[in-house]
Amino acid sequence: MSRVGKKVINIPSGVTVTINGAQVTVKGGKGELKWTMPDGITAAVEGTELTVSRADDSRKLRALHGTNRSLLANMVEGVSKGFSKELEIVGVGFKAAVKGKNLDLALGKSHPILHPIPAGITVTVTENTKLKVEGVDKQVVGQFAAEVRGYYPPEPYKGKGVHYVGEHIRRKEGKSVGK
């Protein structure tokens, strides 16, 4: 048995889990998420607990067992609490703003970068340099934050760029004048 896969997922109050064949629907106060289970993996709701099981011990199903349990646990947490990532922009003249359904980034390039905000995500910008990405789907929140960070990853000499709040950036020593 997979150590992750055999863990039981507790369903908090206000969250409903519906299983229709391989289709799992999770509804909560923050939204609704759907997931289709692969062949051989099944989910069952018993009271306030959700369990994931597999048909046999084949290598493929062992790999999928823990993965699908984690995905369902993230769905339950997402519709009840939600997920968020915080980013910070460091650099002179670097800033961000939300314009309609796009995130407008000024990152020292010759043109502003307009990045579309996907549905189901809210982006708030404070002090022109702090971004907060929130949503119910952990994958979409993380992917959006990674794409924004990818436009200008933090550089090791001055620390300029887009980085996660709390991320440690290894700094390098600059050139030194030798004798």
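**Exercise 1. Which residue forms a salt bridge with Asp104, and is Asp104 buried or exposed?**

Solution. 
- Step 1: Find the partner. In this predicted model, Asp104 pairs with Lys99 in a salt bridge.
- Step 2: Check the distance. The closest N and O atoms are 3.0 Å apart. The cut-off is 4 Å, so the pair qualifies.
- Step 3: Classify Asp104. Its relative accessible area is 15%. Buried means under 20%, so Asp104 is buried.
- Step 4: The whole structure holds six salt bridges.

**Exercise 2. Which residues are linked with Glu127 in a network of salt bridges?**

Solution. 
- Step 1: Take the pair Glu127 and Lys130. Their side chains meet in a salt bridge, 3.8 Å from N to O.
- Step 2: Glu88, Glu127 and Lys130 are linked in a network of salt bridges.
- Step 3: Classify the two residues of the pair. Glu127 has a relative accessible area of 63%, so Glu127 is exposed. Lys130 has 31% relative accessibility and therefore counts as partly exposed.

**Exercise 3. Where does Thr129 lie, and which residues is Thr129 in contact with beyond its neighbours within four places in sequence?**

Solution. 
- Step 1: Locate Thr129. The loop between β11 (121-126) and β12 (130-135) holds this residue.
- Step 2: Classify Thr129. Relative accessibility is 19%, so Thr129 counts as buried.
- Step 3: Set aside neighbours within four places in sequence. Thr129 then contacts Leu87, Glu88, Ile89 and Phe94.
- Step 4: Tie this to Exercise 2. Glu88, a contact of Thr129, also belongs to the salt-bridge network.

**Exercise 4. Which parts of the chain does the pair of Arg149 and Glu167 link?**

Solution. 
- Step 1: Confirm the bridge. The side chains of Arg149 and Glu167 meet at 2.7 Å, N to O.
- Step 2: Place each end. Arg149 sits in helix α2 (residues 138-150), and Glu167 in the segment after β13 (161-164). The two are 18 residues apart, so the pair links distant parts of the chain.
- Step 3: Classify both. Arg149 is partly exposed at 21% relative accessibility. Glu167 is partly exposed too, at 27%.

**Exercise 5. What span should helix α1 have, and how far apart are its end C-alpha atoms?**

Solution. 
- Step 1: Count residues. Helix α1 (residues 59-80) has 22.
- Step 2: At 1.5 Å a residue, the span should be 32 Å.
- Step 3: Compare. The end C-alpha atoms are 33 Å apart, which agrees.
- Step 4: List buried positions. Among them are Leu61, His65, Asn68, Leu72 and Val76.

Note on methods:
Residues numbered from 1 in each chain as written. Predicted model: local features only at pLDDT ≥ 70, side-chain atom pairs only at ≥ 80, totals over all residues. Heavy atoms only, no water. Buried < 20%, exposed > 50% of the residue type's maximum accessible area, 1.4 Å probe, protein only. Contact = heavy atoms within 4.5 Å. Expected span 1.5 Å × (residues − 1).
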